[in-house]
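This report describes selected local features of one structure. The sequence and coordinates are shown below.

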Amino acid sequence: MTTMSTFPICRNHSTLQSSSTNLNLRRSFTTDTHHHHHHQPPQLLFFSRTRPTTACQGVEVKAAPNVSVSGKRTKEVIEDEGRFLVGTYARAPVVLVRGEGCKVYDVEGNEYLDLTAGIAVNALGHGDADWLKAVVDQAGTLTHVSNVFHTLPQVELAKHLVASSFADRVFFANSGTEANEAAIKFSRKYQKHTCTNNGKVPATEFIAFSNCFHGRTLGALALTSKVQYRAPFEPVMPGVTFLEYGNAQAAVELIQQGKIAAVFVEPIQGEGGIYSATKEFLQSLRSACNDAGALLVFDEIQCGLGRTGFLWAHEAYGVSPDIMTLAKPLAGGLPIGAVLVTEKVASAINYGDHGSTFAGTPLVCNAALAVLNKISKSDFLSAVAKKGLYFKDLLKQKLGGNHHVNEIRGFGLIIGIDLDVPASPLLDACRNSGLLVLTAGKGNVVRIVPPLIITEQEIERAVDILSQTLHVLDENNRK
Ligand SMILES: Cc1ncc(COP(=O)(O)O)c(C=O)c1O
């Protein structure tokens with residue numbers, strides 16, 4: 001039996017009506033409800049289940065499921081994925097089809113409070129009306145033309161980033177790892193460039209730190225500390241030394257030897273387990289880099305853009321880098337990366353040194369302008385700081401006394417709950433109670449990186465679910 005289901009790509013009709021474009025925003029998908037065959041792409045199947053004809057309103061919400069793979073549709077999609085996708089991801093057994101604010105909904109109609117925000121991406125939550133308008137308007141005007149031509153949103157976004165940071169210029173990429181690849185190349189090129197003036201041998205090496213994460217492509221991977229990410233793909237880029245995060249003395253000594261092109265550091269480590277740098281550590285790196293002519297690169301891909309309650313995490317430390325890499329939340333869910341540099345770095349880069357077909361495309365940059373306009377407002381940032389304090393206090397109150405909880409750390413809305421056991425049973429129990437969280441570190445840290453628009457009520461609900469499910473850590477240990 002074949003059914004037609006029509007759904008708008010936007011949940012907010014008023015936004016669409018106010019949009020200046022004249023797009024037909026309704027898409028029809030023909031889906032086979034009962035006899036889908038294996039070659040049909042799974043995303044088309046999502047729309048074939050019984051659902052209201054609009055994804056915008058009136059969706060019936062069910063309590064979160066109580067078994068690990070609930071429902072026939074979920075099971076089918078997961079089975080299809082097992083056949084057709086390269087198995088790079090150990091995914092949670094939910095199939096998400098819709099999001100609104102801090103909530104997401106699975107294919108069976110269950111609602112979840114989303115404290116993952118697409119791994120610290122959806123800073124404005126799901127389907128922010130201003131973001132949506134920026135995307136829809138720009139998609140109907142000009143989506144992509146390549147970097148062979150000048151375009152308006154790209155230069156506007158660069159202006160806004162420069163005006164609100166230490167940087168003089170911006171290079172756009174499409175992801176975090178690509179932003180770091182560009183930073184690696186710019187660092188090498190900068191060192192070559194300075195040596196053509198002074199006749200010295202250019203510094204080509206890098207320092208990165210324990211528990212760091214800089215990406216999965218071969219350059220950024222070489223800078224990523226986890227051995228199991230690198231080992232299967234060696235040889236990666238040579239010349240990287242890993243030092244202990246926070247060990248200023250070791251870093252200063254190595255930088256002084258003059259072979260270091262750049263030091264890559266996250267002011268707050270995300271994936272590594274929510275560890276914050278100290279002011280002294282970053283200051284020591286800054287002054288050693290200044291003395292030796294090495295560049296200081298802050299990877300703010302996860303901690304930047306408002307997550308800490310500061311627009312840039314490094315503002316909390318009063319230390320500025322030569323290069324800062326950004327990605328995740330910048331375009332509100334569309335792929336983007338950005339490398340912010342000082343004039344000194346930019347002056348070493350010439351035509352043809354680096355580039356990308358997609359990067360800085362009008363669609364993505366217009367979306368990013370909408371995000372940056374909201375996030376960079378001081379009320380927005382102070383609300384993040386306030387909610388972060390409230391969240392951490394509540395967690396300490398309700399979870400702090402549990403014997404599995406070693407520490408609750410982080411600031412703003414990047415919070416880690418460090419456990420003495422693996423966090424995954426807790427993640428599963430939370431998900432079954434309608435709460436999505438991530439892990440970090442060695443799998444023993446619950447990572448909380450919600451949309452920055454989360455409300456106090458949502459924070460309270462999240463802490464309730466966490467505290468009510470914490471007992472599963474005991475049950476699991478008794479096995
Ligand atoms: C600090 C940091 N750097 C780089 C990356 C890589 O970003 P992407 O996954 O967009 O390549 C991440 C992603 O988790 C990150 O957290």
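Which of the 15 residues around the ligand come nearest? In this predicted model, Ser175, Gly176, Thr177, Ile301 and Gln302 hold that position among the 15. Helix H7, spanning residues 176-198, supplies three residues, the largest share of the shell around the ligand. By class, the shell holds four nonpolar, eight polar and three charged residues.

Helix H6 (residues 152-163) packs with helix H13 (residues 362-375) at an angle of about 35 degrees, and their axes are 8 Å apart. The crossing of H6 and H13 is left-handed. On the H6 side, the contact is made by Leu152, Pro153, Gln154, Glu156, Leu157 and His160; H13 contributes Pro362, Cys365, Asn366, Ala368, Leu369 and Leu372. The residues of this contact comprise eight nonpolar, three polar and one charged.

The remaining feature concerns strands. Strand S6 (residues 169-173) is mostly covered, with four of its five residues buried. S6 pairs with strand S14 (residues 337-341) in the antiparallel sense, over five bridges. Within this pairing, Phe171 stands opposite Val339 in S14.

How values were computed
Residues numbered from 1 in each chain as written. Predicted model: local features only at pLDDT ≥ 70, side-chain atom pairs only at ≥ 80, totals over all residues. Near = placed C-beta within 6 Å. Helix = DSSP H or I, 4+ residues; strand = E, 2+ residues; numbered from the N terminus. Nonpolar A, V, L, I, M, F, W, Y, C, P; charged D, E, K, R; others polar. Axes fitted to C-alpha atoms, helices over the stretch in contact; angles between N-to-C directions. Left-handed = near helix turned anticlockwise from the far one by under 90°. Contact = placed C-beta atoms within 7 Å. Buried ≥ 20, exposed ≤ 12 C-beta atoms within 10 Å, placed from the backbone. Pairing = 2+ DSSP bridges.
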